[in-house]
Amino acid sequence: MTLDSVDGNYLKFGDLFDIEEMQKLQDLFCDATGVASVITTPDGIPLTKPSNFTRLCSDIIRRSEKGRNNCYKSDSVLGQNHPEGFAIKKCLSGGLWDAGVSITVAGIHIANWLIGQVRNEETDDGKVLSYALEIDADPDDFEKAFREVPIMSLEKFTSITRMLSSLVQQLCEKAWTTIQLKNEMDKRARIHESMRKKMDYYAVLLRSIGDGVIATDIDGLIENMNTAAERMCGWSLNEAYGKYLTDVFDIINKITRDKVINPVKKVLETRVVCELENHTILRDRSGREYNISDSAAPIQNDNGEIIGVVLVFSDNTEKHRASTALELSEERFRRSFETSPDAININRMSDGLYVSVNPVFLDLTGYSYDEVIGKTSLDMELWVNNEDRKKLVEGLLKDGKIHGLEADFRMKDGSIRHCQMSASVVYFNGEPHILSITRDVSDQKITLEKLKAGEEKLRNIFDNIQDVFVELAPDGTILEISPSIISLSRNTYTPREVIGTNFASYCVNPMDGVNLARRIFENGYATDCELEVFNREGVIVPCSISGKTCGNGDDLRIVGSMRDISARKVAEKEREELQSQLQQSQKMESVGRLAGGIAHDFNNMLGVIIGHLDLALDQMEEENPIREDLEEARQAAMRSAELTRQLLAFARKQTVAPEVIDLNKSVTDLLKMLGRLIGENINLEFIPCAGAATVKMDPSQVDQILANLCVNAREAIDGRGKITIRTEVIKIGDNFGRGKYRTVPGDYINLTVEDTGCGMDEETKKHIFEPFFTTRKVGEGTGLGLSMVYGAVKQNEGYIEVTSEPGKGTVFKILIPFYHGDVSAPEKYNRIINFESKGETVMIVEDDPGILKMAQLMLEKAGFSIVSHKNPEAAVDFVKSNKEKIDLLLTDVVMPVMDGKELAERLKESIPGLKVLFMSGYTADVIASSGIIKEGINFIQKPFTAHLLTAKIREILDKKES
């Protein structure tokens with residue numbers, strides 16, 4: 001029980017008194033007084049067992065509910081505090097006399113001590129007995145029990161009650177004393193407990209302190225030490241207790257290794273707090289060393305007397321290491337700051353003033369140290385663009401750092417340098433600063449721009465190169481490919497579709513792709529390897545591939561290029577065809593030269609034969625039997641001359657008279673004649689082009705070409721068939737026709753003759769233009785028809801092509817240059833009526849004696865005066881030495897030493913206005929260009945008749961000079 005518990009709500013009888021002891025006291029009191037007794041709560045609830053209770057009360061009255069309630073009520077009333085200290089009354093349960101004493105401690109009513117159950121002279125026996133009826137008790141038994149109730153006088157009962165009151169008062173006083181004593185003891189116990197808890201708290205606190213703590217008495221003997229001290233000293237408190245501090249706390253100087261003065265002694269001498277010197281080392285029991293800092297303070301009692309010393313020390317080993325590391329770090333920073341290849345500056349963040357810069361900063365900007373320190377970048381006008389400075393400030397305020405900021409800075413000399421800088425917020429002495437590192441990247445920027453330009457250039461090349469650039473992995477996977485794959489694949493693949501697939505899958509023969517890759521890996525490279533690939537539509541594209549290995553290890557790959565060689569393949573094929581054509585052309589040229597030479601000499605002989613036959617026939621009567629033989633001979637000579645002309649046409653040496661004609665009109669005019677020529681069973685159709693088909697060529701050559709082609713077509717058609725003639729205007733340029741047609745670029749008329757005949761095989765086509773080649777039977781053809789066509793076309797700077805297959809007919813395509821001009825009006829010639837001489841003199845120069853003699857006879861018969869020479873030199877000498885008038889020069893074209901053209905020019909120097917008639921078996925280059933006679937030049941083709949010669953001379957002599 002504590003003093004605080006003296007409260008009506010909490011003070012209980014059982015807290016102050018031992019119930020068993022009170023039971024014993026109650027029993028003794030009842031035995032001594034002869035009364036019944038019980039101790040109850042203030043409400044009448046029994047706390048002890050009843051002592052000497054009568055049978056009337058315990059066994060009869062209290063067994064009924066009314067009787068029991070009346071007893072409790074009576075007990076409650078009797079137990080209340082009374083001025084006399086007790087109360088004596090009759091009970092409510094039958095009128096027996098009872099008394100009650102209040103047990104009150106410290107003014108608190110905690111119990112009732114009740115006595116009674118006696119009767120005396122004042123007891124109303126009748127009333128008591130009638131109570132039996134109220135509680136439904138047996139009257140007899142009730143009366144009997146009533147008679148058993150002890151009889152006691154009121155005086156005696158009152159005396160006993162006073163005695164009980166006195167006893168209760170003593171008990172209450174003793175209880176109060178006990179309470180007070182207990183409260184004091186509880187108070188002291190609480191104080192002791194509080195002190196114990198504080199001591200435990202201080203002990204825990206002491207042992208929890210991270211620093212070592214050792215307490216000694218005034219003699220330096222250890223009295224206490226905490227866990228940290230135990231750990232650092234290597235001694236437990238039990239081991240160290242009572243030992244001198246110097247035995248446990250072993251301290252030396254780190255540098256000198258000498259013993260350090262005992263701090264206890266120092267404190268006792270100075271009576272103030274003392275600290276250890278720097279570089280103090282504590283060695284524990286095992287010899288392990290700690291860098292420590294230490295302070296020692298006196299312990300004083302309430303009187304201010306020193307009763308001991310407390311020593312506090314901490315392990316600074318890590319701090320010392322950190323300090324050493326910091327010193328090293330600061331040294332490294334200083335060296336890095338001074339030797340950095342980049343410019344470094346430190347600015348106060350509060351005002352932006354430079355507080356430090358390194359030498360590179362000064363070299364870069366051109367300023368001295370004194371010109372920089374204490375100023376801002378704005379003061380120095382370093383920033384070219386203030387937006388760059390704004391980015392720096394915003395980055396530092398937001399993130400505390402910024403990296404890779406590029407900006408232009410103005411140097412002291414006014415030059416602009418492009419720099420890259422990084423900055424961060426750092427703290428020096430607790431104040432924020434900006435640490436900036438700047439690198440001059442002006443040269444790198446220029447280089448980078450060049451690199452970017454180069455990369456852009458390479459990218460443009462990569463994107464626009466006609467060849468396909470490809471990069472392959474070792475397994476053939478396509479890693480990269482240029483956009484030109486679109487063109488190579490004929491617009492069926494894009495780079496995105498191809499990348500990631502295997503190269504071999506696009507090869508016509510996949511093993512070719514695999515073998516090519518293996519070859520490149522084995523040799524390191526491969527050049528111009530031909531390979532066929534196919535596109536999405538299955539079109540085969542021949543390619544030339546070159547490549548080499550690149551990288552090594554996991555980065556090994558193939559880089560190379562693919563070139564579409566379709567055009568080259570076509571060109572090669574065309575070149576082969578052209579080579580074949582060239583060989584054929586060269587062969588034809590050789591044959592032509594041979595034919596031309598033969599025809600020239602043959603023409604001379606035929607000219608002599610025909611001339612003499614004409615002379616003979618002119619002198620022979622009509623009825624002469626020999627005349628018929630001579631005429632047959634003349635006809636044979638004329639047929640020979642026709643063959644000779646065909647040979648000359650093939651050799652492109654025949655004489656032609658080119659005119660500007662509309663080929664459509666010329667063909668239209670020939671259709672009737674051609675129809676008769678090929679017969680009615682063959683359908684002839686002409687499909688002209690729109691507009692005029694203008695060419696410049698001899699009209700007779702058009703007749704010869706179409707006649708020969710149609711005759712050949714007729715011979716190739718068995719029975720009924722069709723021949724189609726077409727004209728069309730085509731343009732041959734640098735990108736069209738140059739490989740197919742060996743002609744110069746320009747506009748051409750394409751004259752096509754197509755038949756439905758039997759066609760030709762390849763071997764036949766190789767020889768059709770050769771002179772005397774024929775597929776007809778002997779005696780059915782000369783083999784000169786197509787050779788003449790060939791010669792006529794070539795003489796007009798054209799091109800002829802034949803397409804034919806057995807059973808599929810034949811197509812001849814002839815290209816003649818388109819003439820951009822008006823069609824020529826047909827030249828009108830005056831008909832020569834009189835061929836006789838009018839007294840003119842003709843000079844004949846011919847190196848062939850037969851021709852010279854024959855021409856002289858023909859002209860002399862016509863009445864001309866003749867001067868003849870076998871060589872040009874004699875003719876020139878004759879004119880120079882003779883003044884005889886010469887009206888016309890008849891000269892051969894090709895002669896030794898001097899040709900006919902040069903001779904004519906030489907003679908005209910002496911005879912101005914001299915008229916000239918050239919004659920030849922073929923036209924030499926000195927007179928004609930490509931076999932075509934120039935306009936204004938008079939020419940007669942060998943062999944000629946006397947009539948033709950005299951008529952031509954008469955025409956020339958009578959023609960007025962323009």
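**Two hairpins in a predicted chain**

Guide: Gly 414 takes a positive phi near 90° in the hairpin of strand 14 and strand 15, which has 5 residues between the strands. This is a predicted model: local features need pLDDT of at least 70, side-chain atom pairs count only at pLDDT 80 or more, and totals for chains, interfaces and linings use all residues. Residues are numbered from 1 along each chain as its sequence is written, and side-chain values use heavy atoms, with hydrogens and water left out.

Visitor: What makes strand 14 and strand 15 a pair?

Guide: Two strands pair if DSSP finds at least two bridges between them. Strand 14 (residues 401-410) and strand 15 (residues 416-428) have 8 bridges, in the antiparallel sense, so they pair. One of the links joins Ala 407 to its bridge partner Cys 419 in strand 15.

Visitor: How do you know that strand 15 and strand 16 pair?

Guide: By the bridge rule again. They share 10 bridges, antiparallel, with strand 16 at residues 431-440. Phe 428 has Glu 431 of strand 16 as its bridge partner. That hairpin has 2 residues between the strands, and Asn 429 takes a positive phi near 55°.

Visitor: What counts as a strand or a helix here?

Guide: DSSP runs, numbered from the N terminus: E of at least two residues for strands, H or I of at least four for helices. The chain has 29 helices and 35 strands.

Visitor: Why are residues called buried?

Guide: Because their relative accessible area is under 20%, with a 1.4 Å probe and protein chains only. Of the 962 residues, 43% count as buried.

Conventions:
Buried < 20%, exposed > 50% of the residue type's maximum accessible area, 1.4 Å probe, protein only.
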